[in-house]
Amino acid sequence: MRVAICALLTAFILIPGAILGIAMGGLVNDTLPGNSTDPIKLGLTALSAFIGMFVGGAVWGWSISRVMKAAAGRRMAVAGGIGFALSALVVILTLGFLEDLVVEQQRGPQLPIHNVFTLLFVPAAAIIAGVCGAALGFGMRDWAMAGRLAWMCAIGGGCAFLVVNLTLEGLGWRVGAPGAEARATMLTTSLLGNLAAAMAGGAVIGWSARGWSRSSAGSGSRHTGRRHVQ
């Protein structure tokens, strides 16, 4: 039950959080005068996006702490907000740069667009999932757990995105195919892939929470016993 709750919370808090951040950044970019490449305007746009995503990540971190019955709710909220906002913002900016370089300027490997999409977006989903998982471990001040969550969430999130991507391709929703733009294939694949990646990462966190709870209980028992001896 905990696994399912964590998966749903992760998907239905972080995805809207990302949309909120992108919307806030777009609003600032459209409102402020000047060119979008102006350093001040670009900085304010990025800051607005970061704030929106931070809110989503903080709500997510606090919600996961409630499910895990962890006492570090505030730390997990701050860590979740920073981890999600920072990783998502860096990944989005990097994807924009690489897409312009490889697709628009054609300065990268000459591959079909759907292959370029897979090579860029699968690692992107894995990075965000891994950073968010590690952030919760840091919020709990459990460095070993942070490391485990980092690679487990990264693998789970990346594989989930890849499965969705390949499934949609098999159903005829291939990025870059004729008519794909009219059907918003890239947007659909990105949304469903990231939704699956978030659920997979959340499920990993929910599954790992049982072991963390047991280890915390054991640690507490050892400390209590030591105090009794003293």
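**Figure 1. Thr10 and Trp60 meet through their side chains.** The side chains of Thr10 and Trp60 make a polar contact at 2.9 Å. A polar contact is a pair of N or O atoms within 3.5 Å; within protein, one must be able to donate a hydrogen and the other to accept it, and residues adjacent in sequence count only if both atoms are side-chain atoms. The model is predicted: local features need pLDDT of at least 70, side-chain atom pairs count only at pLDDT 80 or more, and totals for chains, interfaces and linings use all residues. Residues are numbered from 1 along each chain as its sequence is written, and side-chain values use heavy atoms, with hydrogens and water left out. Thr10 sits in helix H1 (residues 2-31). Helices (H or I, at least four residues) and strands (E, at least two) are DSSP runs, numbered from the N terminus. A polar atom of the Thr10 side chain also lies 2.7 Å from the backbone oxygen of Cys6. Thr10 is buried, at a relative accessible area of 4%. Buried means under 20% relative accessible area, exposed over 50%, and partly exposed in between (1.4 Å probe, protein chains only). Leaving aside residues up to four places away in sequence, Thr10 touches Ile15, Trp60, Ile64, Ala198 and Gly202. Contact here means heavy atoms within 4.5 Å.

Figure 2. Leu20, Ile40, Leu44, Leu47, Ile51, Val55 and Val59 make a nonpolar surface patch of about 600 Å². Patches are made of residues with over 30% relative accessible area and no salt bridge; like charges are joined within 9 Å, nonpolar side chains (Val, Leu, Ile, Met, Phe, Trp, Tyr) within 5 Å. Helix H2 (residues 39-68) gives the most, with 6 residues. An α-helix has 3.6 residues a turn, so residues three or four places apart point the same way. Val59 belongs to H2. Val59 is partly exposed, with a relative accessible area of 43%.

**Figure 3. Arg174 pairs with Glu169 in a salt bridge.** The closest N and O atoms of Arg174 and Glu169 are 3.9 Å apart. A salt bridge is a side-chain nitrogen of Lys or Arg within 4 Å of a carboxyl oxygen of Asp or Glu. A search of the whole structure finds 1 salt bridge. Arg174 is partly exposed, with a relative accessible area of 36%. Glu169 counts as buried, at 16% relative accessibility.

**Figure 4. Phe121 is buried in helix H4.** Phe121 lies in H4 and has a relative accessible area of 17%, which makes it buried. Beyond residues up to four places away in sequence, Phe121 touches Leu95, Phe161 and Ser190. Phe121 and Arg174 are 53 residues apart in sequence, and their C-alpha atoms are 14 Å apart in space. H4 (residues 113-139) is mostly covered, with 20 of its 27 residues buried. The end C-alpha atoms of H4 are 39 Å apart, in agreement with the 39 Å its 27 residues should span at 1.5 Å a residue. The expected span is 1.5 Å times one less than the number of residues.

**Figure 5. Lys69, Gln106 and Arg141 have positive phi values****.** Most residues other than glycine have a negative phi. Lys69 has a positive phi near 55 degrees. Lys69 is in the loop between H2 and H3 and counts as exposed, at 70% relative accessibility. Helix H3 (residues 73-104) has 32 residues and reaches 44 Å from first C-alpha to last, close to the expected 46 Å. Arg141 follows H4, with a positive phi near 60 degrees. Arg141 lies in the loop between H4 and helix H5 (143-170). Arg141 is exposed, with a relative accessible area of 57%.

**Figure 6. The protein chain has 6 helices and 0 strands****.** The C-alpha atoms fill a box of roughly 70 × 45 × 25 Å along the principal axes. Buried residues make up 43% of the 230 residues in the chain. Among contacts between residues at least 6 apart in sequence, 73% join residues at least 24 apart.

Note on methods:
Areas by Shrake-Rupley, 256 points an atom, 1.4 Å probe, with all protein chains shown as cover.
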